[in-house]
Amino acid sequence: KGKKMQAHMRMDEARQRLILCSSSFDTDDKTAKGGASSIVEFFEVDTNLNVVSTRKWSSRFMVFHDYMITDNYYVVPKNPAKFKWDELPWFILGAKRAVEVFEMDDESCGELVLIPRHTDGEALECKADSFFNIFHFGPSFEADGKVTVYGSVFDYYKFGGEMGFNVNKQEFDPIHWGTCGD
């Protein structure tokens, strides 16, 4: 109750659990990397819709749209972002969209975070050597003690017109978006 969930959910067939993810921002510490903190919370729900497991993790300000699961981990892209405090009043007044209140922090390295699903262990933060933004994931799995992740990775990302939809003009053009780097 009262949680805003990410667009995607996952199903753990072996455990018969539906997995939901909530993402929120803590803007109390404006000195944190990116100007705020991000809080990610996972909920595992059984076939009777009872919450049987939760896990919370927090980090520097980041944004993400998708995540994956493996047998033992929640796999989250740590796409570094910067909060734009000067745009917040305009968003509150309805003059700006939510995606205009932050931008990607392309001066910071992207990371994949492996958050343990069944223990209270520390998350494993796997840092890249440059910026990236993962928008969607393909299959992710564990085998022989290794985690394999497939993702849709961008080395540059500017918010607005996601997937070719121009909210101001109410036009949809995914071909232009995908071929011109807008």
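Is Lys78 buried or exposed? In this predicted model, Lys78 is buried, with a relative accessible area of 8%. The residue forms a salt bridge with Glu125, and the closest N and O atoms are 2.7 Å apart. Lys78 belongs to strand 7 and Glu125 to strand 10 (residues 124-127), so the pair ties together parts 47 residues apart in sequence. Glu125 is partly exposed, at 41% relative accessibility.

Two helices and 14 strands make up the secondary structure of the protein chain. Of its 182 residues, 37% are buried. Among contacts with a separation of 6 or more, 48% join residues 24 or more positions apart. The accessible surface comes to about 10800 Å². Carbon and sulfur atoms contribute 52% of that surface.

Nonpolar side chains tend to be buried together in soluble globular proteins. Here the largest nonpolar core holds 14 residues. Val40, Phe42, Trp57, Phe64, Tyr67, Val76 and Ile115 touch the most other members. Strand 2 (17-26), strand 3 (37-45), strand 7 (73-83) and strand 9 (111-116) each give two or more residues to this core. A second, separate core has nine residues, including Val63, Phe83, Met104 and Phe131. Beyond its neighbours within four places in sequence, Ile115 is in contact with Phe42, Arg55, Trp57, Asn72, Tyr73, Tyr74, Val76 and Ala123.

Charged pairs were examined next. The count comes to eleven salt bridges. Arg10 pairs with Asp66, the closest N and O atoms being 2.5 Å apart. Arg10 is buried, at 18% relative accessible area. Asp66 is also buried, at 2%.

Asp105 forms a salt bridge with Arg60, with 3.1 Å between the closest N and O atoms. Distant parts of the chain are linked by this pair: Asp105 is in the loop between strand 8 (102-104) and strand 9, whereas Arg60 is in strand 4 (residues 51-60), 45 residues apart. Both Asp105 and Arg60 are buried. Elsewhere, Asp12, Arg15, Arg17, Glu44 and Arg117 are linked in a network of salt bridges.

Lys30 sits in the loop between strand 2 and strand 3. Not counting residues up to four places away in sequence, Lys30 touches Gly35 and Trp85. Lys30 and Trp85 are 55 residues apart along the chain, and their C-alpha atoms are separated by 8.9 Å.

Terms used:
Residues numbered from 1 in each chain as written. Predicted model: local features only at pLDDT ≥ 70, side-chain atom pairs only at ≥ 80, totals over all residues. Heavy atoms only, no water. Helix = DSSP H or I, 4+ residues; strand = E, 2+ residues; numbered from the N terminus. Buried < 20%, exposed > 50% of the residue type's maximum accessible area, 1.4 Å probe, protein only. Contact = heavy atoms within 4.5 Å. Areas by Shrake-Rupley, 256 points an atom, 1.4 Å probe, with all protein chains shown as cover. Core = buried A, V, L, I, M, F, W, Y, C linked by side-chain atoms within 4.5 Å. Salt bridge = Lys/Arg side-chain N within 4 Å of Asp/Glu carboxyl O.
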